[in-house]
Structures are given as structure tokens and as C-alpha cells.
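Work through the exercises below with the sequence and the three-dimensional view side by side, and try each task before reading its solution.

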Amino acid sequence: MDFAMSEEQTAIFDMAHAFGQENIAPFARQWESEGTIPKSLWPQIGELGFGGLYVSEDSGGSGLSRLDATLVFEALSMACPSVAAFLSIHNMCAKMLDTFGSDEMKSRIMPGVLSLETVLSYCLTEPGSGSDAAALKTRAEKTNEGYVLNGTKAFISGGGYSDAYVCMVRTGDAGPKGISTVYVEDGTPGLSFGAMEDKMGWRSQPTAQVQFDDCKISADNLVGDEGQGFKYAMMGLDGGRLNISSCSLGAAQTALNLTLTYMSERKAFGTSIDQFQGLQFRLADMEIELQAARVFLRQAAWKLDQGAPDASKHCAMAKKFVTEAGSKIVDQCLQLHGGYGYLADYGIEKLVRDLRVHQILEGTNEIMRVIVARNMLAAR
Ligand SMILES: Cc1cc2nc3c(=O)[nH]c(=O)nc-3n(C[C@H](O)[C@H](O)[C@H](O)COP(=O)(O)OP(=O)(O)OC[C@H]3O[C@@H](n4cnc5c(N)ncnc54)[C@H](O)[C@@H]3O)c2cc1C
């Protein structure tokens with residue numbers, strides 16, 4: 001058992017961290033107030049090989065392990081979890097396309113996906129189905145040319161912003177086996193978007209409904225086989241859960257670093273506040289929880305890389321544990337900043353807002369517990 005990062009892993013982390021500090025952190029608040037991330041950022045990230053982190057090298061991707069990819073998301077989210085999480089969604093879609101797309105589809109779309117000239121959104125949730133995703137209703141009727149889509153996807157990160165949408169749609173009967181995955185390019189007639197949602201956090205990412213109104217796509221835009229879409233969507237989510245957890249981890253680390261500095265500078269009752277033992281204990285508790293979260297997350301990533309039978313359970317456990325630890329830590333860091341923590345200039349309140357949603361998406365933390373308990377009961 002070796003818990004050390006390899007030289008290559010350290011280099012990956014350092015590269016992502018340096019990029020984030022230079023190109024993302026200084027602008028994160030501006031992008032949040034503008035409600036968008038400049039499109040020009042993505043090809044720069046693509047040049048680092050982050051457009052297809054775990055897309056196979058044969059397909060032109062970086063071929064990294066899931067564990068390596070968690071390092072990228074942890075490092076980037078130290079600059080801004082909203083930007084890092086958006087990249088995670090793109091990568092989740094890229095991996096689905098690389099794994100299940102036909103050779104023709106891959107040669108057509110993967111170059112743009114990998115360079116991040118083509119930014120991808122993942123469309124599973126609908127207004128009437130979130131946790132119960134297999135109940136989705138968006139319909140894809142087969143025609144001689146391909147499919148006609150009708151329905152609405154809700155809460156789509158990058159809705160109205162992305163260049164293409166990887167969508168789970170119903171081609172068959174009710175239930176998971178009636179679901180297929182299709183690729184819909186921006187600009188396709190019949191594709192439109194709702195108004196931008198006004199959200200608590202992740203405010204630099206546009207979130208909107210994605211609507212299909214007799215939206216016609218060619219048969220070549222079916223990803224993999226009909227009826228397998230739910231399986232594909234769920235396979236993407238194990239890794240997505242690791243990435244979201246990494247985003248909580250990186251942001252919590254930033255908050256803790258800022259807090260350590262702040263506490264040495266802030267004076268109360270004639271001393272710097274880092275001299276109060278009660279507060280030192282809180283620092284220690286945060287450090288313990290953060291380190292535990294990091295080890296637990298990396299173990300889950302390792303299990304997914306190994307194809308371990310309990311990998312999904314570990315991804316779910318890590319997602320619940322790390323996202324809750326991350327939110328608790330950034331909230332405590334805000335508290336230790338006193339009133340200043342509540343001001344945007346100090347960089348903490350945005351993290352509190354950004355991390356909250358990590359407990360809700362990629363499967364809520366209640367659903368993570370459903371997965372864990374189901375695995376425990378099945379293994380009796
Ligand atoms: C900012 C943001 C961005 C998002 N981006 C995307 C995206 O890009 N693509 C996408 O497809 N979706 C996206 N989502 C949607 C997200 O995945 C869903 O919101 C999430 O899955 C929960 O679904 P829901 O909101 O319908 O809640 P519901 O499923 O209605 O759940 C409501 C409550 O009931 C609980 N609950 C439900 N079922 C059970 C159960 N069986 N046992 C115990 N508790 C249960 C839930 O945990 C929750 O607390 C995004 C959401 C947000 C807020």
C-alpha cells in the first residue's frame with residue numbers, strides 16, 4: 001500500500017494548480033457577477049489536455065486514471081469550484097462519447113471535444129424527475145432519418161452556453177431500459193433554452209432548461225445502442241461523484257489556507273486570534289476532517305480505476321462524506337473570519353455558496369446513502 005503521489009501525479013497537480021491561480025482565481029468573482037465563464041478559457045484548458053482527462057490516448061485524450069483526474073479537479077477548484085465543476089461535467093460527457101460512441105461519431109466530434117472548442121453539457125434531469133432519473137419523459141421518436149425529440153431537461157449546467165448536449169431520452173417503454181443517449185448540437189432546429197436560473201452558488205456557470213420541440217437529429221447522433229442510455233449515464237456518474245468531491249476538497253483547502261493566514265493577522269483581546277486554544281482546536285478538527293476526506297476520496301478513485309466490485313459504493317460514500325466535510329469546513333472558515341467572512345472580498349462566502357450544491361447534484365447525498373445501504377444489504 002503506497003499513499004504517496006508519484007512524480008507524475010505531483011506534476012499534474014502542480015500544473016493544474018498553477019493554471020488555476022494564474023488564469024481562473026483572479027477572475028472568479030468577476031465571472032460570477034457576469035454569470036458566465038468566457039468561452040476563450042476553455043481552449044486554453046484544452047491545451048493542457050484537460051478536455052479529455054480520461055479519454056483514451058488512442059482517441060487523442062490524456063488517458064489519465066480517475067485518481068489522477070481527482071488531482072486536477074482538486075487543484076483547479078482551489079481557484080474556483082464553479083469553473084472546475086463545469087469542466088468535470090464536460091469530461092463526464094467526453095468519456096461517455098469516447099466509450100460508447102461509434103468510430104464515425106468519434107472522428108467527427110472528439111477533436112473539438114478534446115480541444116474544448118466543443119464544450120459539452122450533460123442532460124439527464126427533467127422538471128418532473130431528478131433523483132428518480134429513470135422516470136424521464138423526454139421522447140425521441142424514431143424516423144427514417146433519425147430521431148425527433150420532444151421534452152424538457154431541467155437544471156442543465158451550460159444550458160444555452162455549451163456547444164453540444166449529451167442527452168438521455170426515452171426511445172422505448174417506461175423504465176431504465178427504454179432510455180437512450182443522443183448527441184444534440186447547439187443550433188439544431190427545435191432546440192431552445194429557458195431563462196438563466198438565478199442560483200445560490202455556481203453563479204459563473206449558466207444553468208438553464210434545455211427544451212426540445214420537434215428537434216430533429218440524425219441517426220448518427222445516437223450514442224452507442226438504443227436502450228442502453230441509462231446505463232451509460234450512470235457509468236458516467238461514479239467518476240462525476242469523485243470529481244465533485246474533489247471540487248469540495250480543493251475549495252475547502254483554499255478556505256482553510258486563507259483562515260490560517262487571517263487568524264495570524266486578526267487581533268482580539270490583545271492577541272492574534274490563532275492564540276485562543278478553542279479556535280486552535282477548531283483548526284485541528286478541520287485539518288483532520290480534510291485529510292480524512294482526501295484519503296477516503298483517493299481510495300474511492302483507486303477502486304474505480306481497479307474496477308473493484310465495490311467501486312460504486314465507495315464513490316457514493318466518498319461523495320457524501322467529502323462534500324459534507326467540504327461544506328462544513330468552508331462554513332467554519334467563514335465563522336473564524338467573523339464579520340469579514342461574510343464579505344465577498346475575503347473569498348470565503350463564495351465558497352460556502354458554491355459548495356452547497358455539491359450535496360444535491362450528481363445524485364443527492366440522500367441517494368448516496370440509498371446506494372450504500374443497498375450495497376450493504378445485498379452483501380449480507
Ligand atoms: C446548480 C445545479 C446544476 C445542475 N446541473 C445538472 C446538469 O448539468 N445535468 C443534469 O442532468 N442535472 C443537473 N442538476 C440536477 C440535479 O442533478 C438534481 O437537482 C438532483 O439530482 C436532485 O433532483 P431533484 O432536484 O429533482 O430533487 P428530488 O429528486 O425531487 O429530491 C428532493 C428531495 O428528496 C430526496 N429524495 C428523493 N428520492 C429519495 C429517496 N429514494 N430516498 C431518500 N431521499 C430521497 C432528495 O435527496 C432531496 O432531498 C443540477 C442541479 C443544480 C441545482
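**Exercise 1.** What volume does the second largest pocket have? Find also which residues and elements line it.

*Solution.* This is a predicted model, in which local features need pLDDT of at least 70 and side-chain atom pairs count only at pLDDT 80 or more, while totals for chains, interfaces and linings use all residues. Residues are numbered from 1 along each chain as its sequence is written, and side-chain values use heavy atoms, with hydrogens and water left out.

Begin with the volume, which is about 390 Å³ for the second largest pocket. A pocket here is an open set of points on a 1 Å grid over the protein atoms alone, where a 1.4 Å probe fits, with protein on both sides within 12 Å along at least five of seven lines, and its lining residues have an atom within 4 Å of a point. Next, turn to the lining of 13 residues, of which Asp2, Phe3, Leu67, Arg298 and Gln299 lie nearest the centre. Finally, helix 4 (66–77) and helix 8 (277–306) each give two or more residues to this lining, and helix 8 gives the most, with 5 residues.

Definitions and conventions:
Points joined across faces, edges and corners; volume = space filled by probe spheres on them. Helix = DSSP H or I, 4+ residues; strand = E, 2+ residues; numbered from the N terminus.
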